[in-house]
Amino acid sequence: MPAGVPEQRVTAEWHQVPEQTRGEHTHSETPLPRPRVERTSVRGQVLDALRTALVDGDLVPGEVYSAPALGDGLGVSATPVREAMQQLAREGAVEVVPNRGFRVTERSARELAELAEVRALIEVPVVLRLARTVPVARWAELRPLADATAVAAAGGDRAHYAETDRAFHRAMLALGGNEQLVQVADDLHRRSQWPLPGGGPLSRRADLVADAAEHMALLAALEAQDLTVVQALVREHFAGSAD
């Protein structure tokens, strides 16, 4: 589990008030502006750490974890852990166990296959439409993101691969300009990345490398405007996610 997440820091900057007006108030006086607050989100960092632990399998499906114990491991209080766990509960990654903590959701192969099917229903037609309408030069913008998935896969880093994989898919779908679709697809994608007991569809390094290679092949087909190959590759990509 990642450790050393810093506690929240809040700083405020107030505009200086002229000396002669301090302690005074008139109807023509400009109201004192609100402070500009800059904060490092402990809850956000804890949420990221817990999501990484879910993908890596450090949080075991079926096991119950308490917020104080997780907070001790992260070096924070139980409060931001509870807040992060509540968010994960809304996403379906964990479930609340009264008076005990949170149980990591156990995903079956059928559930993962259903998620892959729903993702395919959304993403496949969108990508095929984009293949016909997006200028060829725009696809080159996705090359660094595809490269990032390949690097993460080669290193066998499942948590980093999960992030770069979603970033690639988000960027591709974003070319269609439908922000709501991107958010829905990204949520489904994240849910599909939680591991099964013993590992999920992309649990081995070889699986990650093969998945990243599909990104490269898909980009090449999109740049070549080969719609037949694009259709075959994008359908195969989601079929592999369901295995």
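## Contact and the model

Contact here means heavy atoms within 4.5 Å. This is a predicted model, in which local features need pLDDT of at least 70 and side-chain atom pairs count only at pLDDT 80 or more, while totals for chains, interfaces and linings use all residues. Residues are numbered from 1 along each chain as its sequence is written, and side-chain values use heavy atoms, with hydrogens and water left out.

## The chain as a whole

The protein chain holds 10 helices and 5 strands; helices (H or I, at least four residues) and strands (E, at least two) are DSSP runs, numbered from the N terminus. Of its 243 residues, 37% are buried, where buried means under 20% relative accessible area, exposed over 50%, and partly exposed in between (1.4 Å probe, protein chains only). Among the contacts in the protein chain with a separation of 6 or more, 73% are between residues 24 or more positions apart.

## Helices α4 and α8

Let's turn to helix packing. Two packed helices are described by the angle between their axes and the distance between the axes. Axes are lines fitted to C-alpha atoms, for helices over the stretch in contact, and angles run from 0 to 180 degrees between N-to-C directions. Helix α4 (residues 109–133) packs against helix α8 (residues 179–192) at an angle of about 150°, and their axes are 10 Å apart. The two are therefore roughly antiparallel to each other; angles under 35 degrees count as roughly parallel, over 145 as roughly antiparallel, 65 to 115 as roughly perpendicular and the rest as oblique.

The crossing of α4 and α8 is left-handed, meaning that the near helix is turned anticlockwise from the far one by less than a right angle (right-handed if clockwise). From α4, the contact draws on L112, L115, V118, R119, I122, E123 and V126, and from α8 on L181, V184, A185, L188, H189, R191 and S192. Sorted by class, this contact of α4 with α8 has 9 nonpolar, 2 polar and 3 charged residues. Ala, Val, Leu, Ile, Met, Phe, Trp, Tyr, Cys and Pro count as nonpolar, Asp, Glu, Lys and Arg as charged, and the others, Gly among them, as polar.

## Two residues of α4

E123 belongs to helix α4 and is buried, with a relative accessible area of 2%. Its side chain is joined to that of H169 by a polar contact of 3.1 Å. A polar contact is a pair of N or O atoms within 3.5 Å; within protein, one must be able to donate a hydrogen and the other to accept it, and residues adjacent in sequence count only if both atoms are side-chain atoms. Beyond its neighbours within four places in sequence, E123 is in contact with H169, L173, A185 and F238.

A116 is another residue of helix α4, and at 4% relative accessibility A116 counts as buried.

## Helices α2 and α3

Helix α2 (residues 67–74) and helix α3 (residues 78–91) have axes that come within 8 Å and cross at roughly 115°. That makes α2 roughly perpendicular to α3. Their crossing is right-handed. A67, P68, L70, G71 and L74 of α2 make the contact with A78, V81, R82 and M85 of α3. By class, the α2 and α3 contact has 7 nonpolar, 1 polar and 1 charged residues.

Is T149, at 0% relative accessibility, buried or exposed? T149 counts as buried at that value, and it sits in helix α6 (residues 143–154). The T149 side chain reaches the backbone oxygen of A146 at 2.6 Å. Setting aside neighbours within four places in sequence, T149 is in contact with Y161, T164, D165, F168, A212 and H215.

V209, in helix α9, counts as partly exposed at 40% relative accessibility. V209 touches A153 and A154, not counting residues up to four places away in sequence. The C-alpha atoms of V209 and G155 are separated by 9.2 Å, and these residues are 54 residues apart along the chain.

## Positive phi in two loops

N99 lies in the loop between β4 (94–97) and β5 (101–104). Although N99 is not a glycine, it has a positive phi of about 65°. At 87% relative accessibility, N99 counts as exposed. Q225, found in the loop between α9 (205–224) and α10 (227–242), has a phi near 55°, a positive value in a residue other than glycine.
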